[in-house]
Amino acid sequence: MASPSQPPQSLKALVAFRNLIRPELIRTVHLYGLDGGGGEVEVEREFVFHKEADYEEISFCKVFTLQKFEVSSYFEGLVNGVWLCIFVFDSDCWSCGDIHRLPTVLTVSRNRKMETIPSLNNDIQTITRLNCEVRKIEQCNSESEEASKQKEDQNNRYKSHHMSDVDLNSLPYGSSENDESDQSVTDVSWKKKKRAATKDIASLGLDDLAKYFDVPIIEASKNLKVGLTVLKKKCREFGIPRWPHRKIKSLDGLISDLQEEVKRQQEADEGAALAVVQRQKMIESEKERIEKKPFMDIQRETKKFRQDIFKKRHRARVLENQCRTLPLF
């Protein structure tokens with residue numbers, strides 16, 4: 001166990017707790033990665049956040065690092081004895097939207113007293129810098145995805161325009177020139193769909209957007225008859241950093257997997273089936289909360305559960321491939 005005066009180089013995780021009896025006490029657990037792949041080091045610290053004076057780091061008896069500290073088992077809102085978890089940072093599953101979960105009391109730009117405790121302040125600054133890098137990466141990925149989709153749409157329009165084998169000099173049987181003229185006018189009017197009026201765009205509310213949270217943002221913009229840029233601007237007005245389609249789709253997939261698991265467990269173990277049903281209800285309620293508050297992120301516990309499912313599927317595929325390659329004799 002490394003001492004706080006000799007911190008390793010890279011921050012991998014940070015979990016912050018507030019004391020329920022004495023709210024001015026803040027306990028933090030820092031997980032550092034040693035350079036050169038030399039393992040990990042846990043550092044536990046405690047601070048007093050004075051109201052009238054500067055903050056200070058104090059001595060204490062260890063609570064969380066007496067045994068191996070598992071970051072994945074903690075999430076915001078979890079109560080451990082007299083300690084309430086108020087913030088969790090894990091570099092392995094961090095996204096740029098997670099920075100909004102950072103409490104105001106730990107935010108340097110809003111709480112200048114943080115500068116008086118550099119052992120915590122430096123790690124918070126590291127998280128902020130990492131968040132900027134993750135945001136740039138996610139923006140580049142999002143822009144590349146949109147560009148590829150736009151290029152694909154252009155190719156599809158080009159193909160549909162040039163793949164007609166009909167002889168335009170001859171009319172179909174039973175058709176007249178007037179019919180053809182009417183049909184061409186109808187086609188033109190169909191291609192030139194009207195955009196929503198300015199007053200209609202201004203009146204778009206969160207409830208209108210919520211109807212299409214389960215589809216990609218491009219499809220939602222078409223259904224709402226507004227441009228993609230206008231829809232993104234509307235999302236920013238309502239505090240939605242990213243269109244929640246992927247989060248909701250991911251939760252729907254977990255709910256579907258749990259429903260299948262319930263059917264399997266009911267035949268084997270009723271107790272296990274009840275536990276799966278409880279998990280399913282938790283994820284369904286989380287989905288409802290995200291639909292009402294789309295700026296919320298998927299809970300850490302749900303992310304871990306989803307990752308476990310991915311690992312199980314991967315192991316099952318590997319095992320299946322190994323069985324296929326076994327010799328028959």
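Reader: Which ring does the charged end of Arg 279 sit over?
Author: The charged end of Arg 279 sits over the ring of Phe 305, 4.5 Å from the centre of that ring. Keep in mind that this is a predicted model.

Reader: Let me step back, then. How many helices and strands does the protein have?
Author: The protein has 9 helices and 6 strands.

Reader: And how many of the 329 residues are buried, as a percentage?
Author: Of the 329 residues, 30% count as buried. The protein exposes about 22200 Å², and carbon and sulfur atoms supply 52% of that area.

Reader: What about contacts between residues at least 6 apart in sequence: what percentage join residues at least 24 apart?
Author: Among those contacts, 56% join residues at least 24 apart.

Reader: Which residues point which way from S2?
Author: Leu 25, Arg 27, Val 29, Leu 31 and Gly 33 point one way. Ile 26, Thr 28, His 30 and Tyr 32 point the other way. All of them are buried.

Reader: How is S1 joined to S2?
Author: Strand S1, residues 10-19, runs antiparallel to S2, and 8 bridges join the two. In that pairing Leu 11 stands opposite Tyr 32 of S2. A hairpin through 5 residues connects S1 to S2.

Reader: And S3, parallel or antiparallel to S2?
Author: Antiparallel: strand S3, residues 40-48, is joined to S2 by 9 bridges. The bridge partner of Leu 25 in S3 is Val 48.

Reader: Different topic. How many disulfides does the structure hold?
Author: The structure holds 0 disulfides.

Reader: Is Cys 132 buried or partly exposed, and what about Cys 235?
Author: Cys 132 is partly exposed, with a relative accessible area of 36%. Cys 235 counts as buried, because its relative accessibility is 4% and the cut-off for buried is under 20%.

Reader: Back to rings. How many aromatic pairs are there?
Author: The count comes to 7 aromatic pairs. One of them is Phe 64 with Tyr 74, an edge-to-face pair at 6.3 Å centre to centre with 80 degrees between the planes. Both residues lie in the loop between strand S4 (56-58) and strand S5 (79-80), 10 residues apart. Phe 64 is buried, and so is Tyr 74.

Reader: What kind of pair do Phe 213 and Trp 243 form?
Author: Phe 213 and Trp 243 are edge-to-face as well, at 5.2 Å centre to centre and 75 degrees between the planes.

Reader: Where do Phe 213 and Trp 243 lie?
Author: Phe 213 is in the loop between helix H4 (206-210) and helix H5 (217-224), while Trp 243 is in the loop between helix H6 (228-237) and helix H7 (245-268), so the pair ties together parts 30 residues apart in sequence.

Reader: How accessible are Phe 213 and Trp 243?
Author: Phe 213 has 1% relative accessibility and counts as buried. Trp 243, at 13%, also counts as buried.

Reader: Last one: which residues form the aromatic cluster?
Author: Phe 17, Phe 64, Phe 69, Tyr 74 and Trp 83 form one aromatic cluster.

Definitions and conventions: Residues numbered from 1 in each chain as written. Predicted model: local features only at pLDDT ≥ 70, side-chain atom pairs only at ≥ 80, totals over all residues. Heavy atoms only, no water. Helix = DSSP H or I, 4+ residues; strand = E, 2+ residues; numbered from the N terminus. Buried < 20%, exposed > 50% of the residue type's maximum accessible area, 1.4 Å probe, protein only. Contact = heavy atoms within 4.5 Å. Areas by Shrake-Rupley, 256 points an atom, 1.4 Å probe, with all protein chains shown as cover. Pairing = 2+ DSSP bridges. Disulfide = S-S within 2.5 Å. Phe/Tyr/Trp six-rings, centres within 6.5 Å; stacked < 30°, edge-to-face > 60°. Lys NZ or Arg CZ within 6 Å of the ring centre and 35° of its normal.
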